[in-house]
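Here's a quick briefing to read with the model open beside you. Have a look at the picture first, then work through the points below.

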Amino acid sequence: MALVIDLLSWALLLSGGAFGIIGAIGMLRFPDFYTRLHASGITDTLCAVLILFGLMLQSGLSLLTVKLVLILLFLLFTTPTATHALARAAVLDNVDPLLADTRTTKNPRPSQKGEPSSKS
Amino acid sequence: MRYVISLSLLLVVLWLAISGVYKPVLFMLGGFSVILVVWLSVRMDVVGVEHNPVLFSWRLLAYWWWLFCQLVKSNLHVSRLVFRTRDVKPRLLSVPVPHEAAVAKVTYGNSVTLTPGTVTLKLTDDTLEAHALDEASARELEAGDMARKITWLERREDNA
């Protein structure tokens with residue numbers, strides 16, 4: 001039984017680590033500030049959740065697990081706030097998001113080759 | 001008064017859970033800090049403002065479970081995009097916010113940011129502007145499943 005729990009917890013820890021690395025790769029590969037926020041979102045959510053679940057299996061039913069649950073809750077409440085604060089600051093600072101094109105149904109206004117503004 | 005008592009109880013439980021060392025001196029320090037925090041909260045007039053029935057409803061657990069499934073799905077989706085950056089087609093979108101309570105609006109904005117693939121850029125009284133990583137993420141948000149779930153979560157307030 002202990003072996004099963006150990007294996008499960010290692011699987012969770014390793015996949016959590018893998019998602020952390022994927023998030024970091026995305027951080028490097030994505031083209032602009034806003035898209036990179038999405039990559040950091042992977043590290044903030046699934047990576048953290050998997051690692052904390054893995055640690056909870058290691059600690060068993062104890063006070064330590066309560067603390068890990070609290071960490072998870074606080075993390076899931078605060079990271080979106082931090083990400084939003086970053087995004088909002090970028091918007092207020094006139095960082096123009098890189099857009100694929102503007103031929104979507106929501107934006108019917110004609111635009112030349114999809115460049116939202118000439119600033120770079 | 002009800003809120004003062006519930007806040008004190010919550011803080012006591014939190015302190016007991018985090019401390020783990022049960023000695024008389026530490027109990028006194030813990031009790032003192034609880035009283036200090038409650039007194040400060042009363043002075044700041046924030047007691048009861050953040051205490052919303054929504055926070056303690058069983059629906060919240062159901063919503064969190066649903067959100068967790070969404071999280072896993074969108075994480076896998078964005079992870080795939082990390083290795084196929086050709087498919088990254090960012091766009092901006094705005095969706096209506098149908099909720100009444102401020103807590104529900106904030107929950108919506110936070111949930112949108114929490115799921116990778118969409119980030120809330122601006123949240124006003126009735127609309128939410130977001131940045132989406134690709135067409136699929138944008139369409140998922142525009143479909144409004146999340147907004148409906150939070151409406152369902154909020155409905156608890158009326159009959160509570």
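How many helices and how many strands are there in chain A? Chain A has three helices and zero strands, where helices are DSSP runs of H or I with at least four residues and strands are E runs of at least two, numbered from the N terminus. This is a predicted model, so to speak of a local feature takes pLDDT of at least 70, side-chain atom pairs count only at pLDDT 80 or more, and totals for chains, interfaces and linings use all residues. Residues are numbered from 1 along each chain as its sequence is written, while chains are lettered from A and ligands numbered from 1 in the order in which they are written.

**Chain A overall**

- Reading from the N terminus, the elements of chain A go α-α-α.
- Chain A has 120 residues, and 25% of them count as buried; buried means 20 or more other C-beta atoms within 10 Å of the residue's own, exposed means 12 or fewer, and partly exposed is in between, with C-beta atoms placed from the backbone.
- Take the contacts in chain A between residues at least 6 apart in sequence: 52% of these join residues at least 24 apart. A contact here means that the C-beta atoms of two residues, placed from the backbone, lie within 7 Å.

**The α1–α2 pair in chain A**

- Helix α1 (residues 2–29) and helix α2 (residues 33–59) of chain A have axes that come within 8 Å and cross at roughly 165 degrees. Axes are lines fitted to C-alpha atoms, for helices over the stretch in contact, and angles run from 0 to 180 degrees between N-to-C directions.
- α1(A) and α2(A) are therefore roughly antiparallel to each other; the scheme is under 35 degrees for roughly parallel, over 145 for roughly antiparallel, 65 to 115 for roughly perpendicular, and oblique for the rest.
- The α1(A)/α2(A) crossing is left-handed, meaning that the near helix is turned anticlockwise from the far one by less than a right angle (clockwise would be right-handed).
- Sorted by class, the residues of the α1(A)–α2(A) contact are 15 nonpolar, ten polar and one charged. Ala, Val, Leu, Ile, Met, Phe, Trp, Tyr, Cys and Pro count as nonpolar, Asp, Glu, Lys and Arg as charged, and the others, Gly among them, as polar.

- A:D32 sits in the loop between α1 and α2 of chain A, and counts as partly exposed because it has 15 C-beta neighbours inside 10 Å.
- Leaving out residues up to four places away in sequence, A:D32 touches A:P97 and A:L98.
- A:N94 lies in the segment after α3 (63–92) of chain A and is exposed, with 8 other C-beta atoms within 10 Å.
- Most residues other than glycine have a negative phi. A:N94 has a positive phi of about 60 degrees, although it is not a glycine.

**Where the chains meet**

- 28 residues of chain B are in contact with 33 residues of chain A.
- On the side of chain B that touches chain A, α1 (2–19), α3 (58–83), β1 (91–96), α4 (102–114) and β2 (118–123) of chain B each supply at least two residues.
- α3(B) gives the most to that side, with six residues.
- By class, that side of chain B has 15 nonpolar, ten polar and three charged residues.

**The sheet in chain B**

- Chain B has an open sheet of three strands in the order β1-β3-β2, with antiparallel pairing; strands pair if DSSP finds at least two bridges between them.
- β1 and β2 of chain B are the edge strands, each pairing on one side only.
- From one strand to the next, the twist averages 30 degrees.
- β1(B) pairs with β3 (residues 127–132) of chain B over six bridges, and B:R91 stands opposite B:A132 in β3(B).
- β2(B) and β3(B) are joined by five bridges and form a hairpin with three residues between them.
- Bridge partners in β3(B) include B:H131 for B:V119 and B:E129 for B:K122.

**The α3–α6 pair in chain B**

- The axes of α3(B) and helix α6 (residues 145–154) of chain B come within 9 Å and cross at roughly 165 degrees, which makes α3(B) roughly antiparallel to α6(B).
- B:R59, B:L60, B:Y63 and B:W66 in α3(B) meet B:K149, B:W152 and B:L153 in α6(B).
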